[in-house]
Amino acid sequence: MTARTARASRGAALFDVDGTLVDSNYLHTVTWWQALRRHGHDVPMSRIHHAVGMGSDRLLDAVLGERRRRGEDGAIADAHGALYAAWYENLRPFEGATELLRAVAARGWRVVLASSASEEEVAAVRGLLDADDVIDAATSGGDVDATKPAPDLVEAALEAVGAEPGDAVFVGDTVWDVEAAGRAGVPCVGLLTGGTTRAELEEAGAVLVREDAMTLLRTLDTSPLSRPPE
């Protein structure tokens, strides 16, 4: 976990990274599919994509079942990490993602990246965002025992900046983001850029759904991120 000195505002804007700020969900799907095939598991990509957003432990539960050979989990996760790393130089932030972080920070929110990805993956995409000067803290799957949809990562993100659930808003792209935020008592704004439908996000409990980071940026005044708590 990394952190900067917190701003005076008590409000915390928590952002998922993959599929929310960076266009990477489908690359995760393909590289998990490849990693699983290397270990003899032929899993439909649709099932993998639906699980993207969870940490590797939860994802493997979802795609292989809890009775799988857990002894190979580490090797599968390592294979995914190596395959995904080959795409680092091709990753791109979504249009408006960096500007969204800066606009939210300018309004007085403390900005936290709250991802279930590995620390290495978070560092790679964080570099692409070019917004370290407005990011107060960042968490990864390695910071907690249970990843999304458990609330642990959201709680860790809040703790990193000393915020309470009632003073925070989460922005994510999967039902796992929405569920994790909800279990931590934090409202979640959903974006459609990860491949999850509006209906799925709303059914999971998203308080607002926008098409992408740019659309959210343009409509900040009518969103839960309009202003931080006083």
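What follows is a friendly conversation about a predicted model.

Biologist: Why is Glu202 called partly exposed?

Modeller: Its relative accessible area is 44%. Buried means under 20% and exposed means over 50%, so a value in between is called partly exposed. Glu202 therefore gets that label at 44%.

Biologist: Where is Glu202 placed, and how far apart are Glu202 and Val175 in space?

Modeller: Glu202 belongs to helix H9. From C-alpha to C-alpha, Glu202 and Val175 are 8.7 Å apart, although 27 residues separate them in sequence.

Biologist: What makes Tyr84 and Tyr88 an aromatic pair, and what makes that pair edge-to-face?

Modeller: Let us take the two parts in turn. Rings pair if their centres lie within 6.5 Å, and planes over 60 degrees apart count as edge-to-face. Tyr84 and Tyr88 are 5.7 Å apart centre to centre, with 80° between the planes.

Biologist: Are Tyr84 and Tyr88 buried or exposed?

Modeller: Both of these tyrosines are buried, a word that stands for under 20% relative accessible area.

Biologist: How do you know that strand E6 pairs with E5 and with E7?

Modeller: Two strands pair if at least two bridges are found between them. Strand E5 (residues 168-172) is joined to E6 by 3 bridges, and E6 also has 3 bridges to strand E7 (residues 208-210). Each count meets the cut-off, so E6 pairs with E5 and with E7. The strands run parallel in the E5 pairing and in the E7 pairing. For example, Phe170 has Cys188 of E6 as its bridge partner, while Val189 stands opposite Leu208 in E7.

Biologist: How much space lies in the largest pocket, and which residues are closest to its centre?

Modeller: The space is about 510 Å³. Of 31 lining residues, Gly55, Ser56, Ser116, Ala117 and Ser118 are the closest to the centre. By class, the lining has 8 nonpolar, 14 polar and 9 charged residues.

Conventions
Residues are numbered from 1 along each chain as its sequence is written. This is a predicted model: local features need pLDDT of at least 70, side-chain atom pairs count only at pLDDT 80 or more; totals for chains, interfaces and linings use all residues. Side-chain values use heavy atoms; hydrogens and water are left out. Helices (H or I, at least four residues) and strands (E, at least two) are DSSP runs, numbered from the N terminus. Buried means under 20% relative accessible area, exposed over 50%, partly exposed in between (1.4 Å probe, protein chains only). On a 1 Å grid over the protein atoms alone, a cavity is a set of points where a 1.4 Å probe fits but cannot get out, and a pocket is an open set with protein on both sides within 12 Å along at least five of seven lines; lining residues have an atom within 4 Å of a point. Grid points are joined across faces, edges and corners, and a volume is the space filled by probe spheres set on the points. Ala, Val, Leu, Ile, Met, Phe, Trp, Tyr, Cys and Pro count as nonpolar, Asp, Glu, Lys and Arg as charged, and the others, Gly among them, as polar. Rings of Phe, Tyr and Trp (its six-membered ring) pair if their centres lie within 6.5 Å; planes under 30 degrees apart count as stacked, over 60 as edge-to-face and the rest as tilted.
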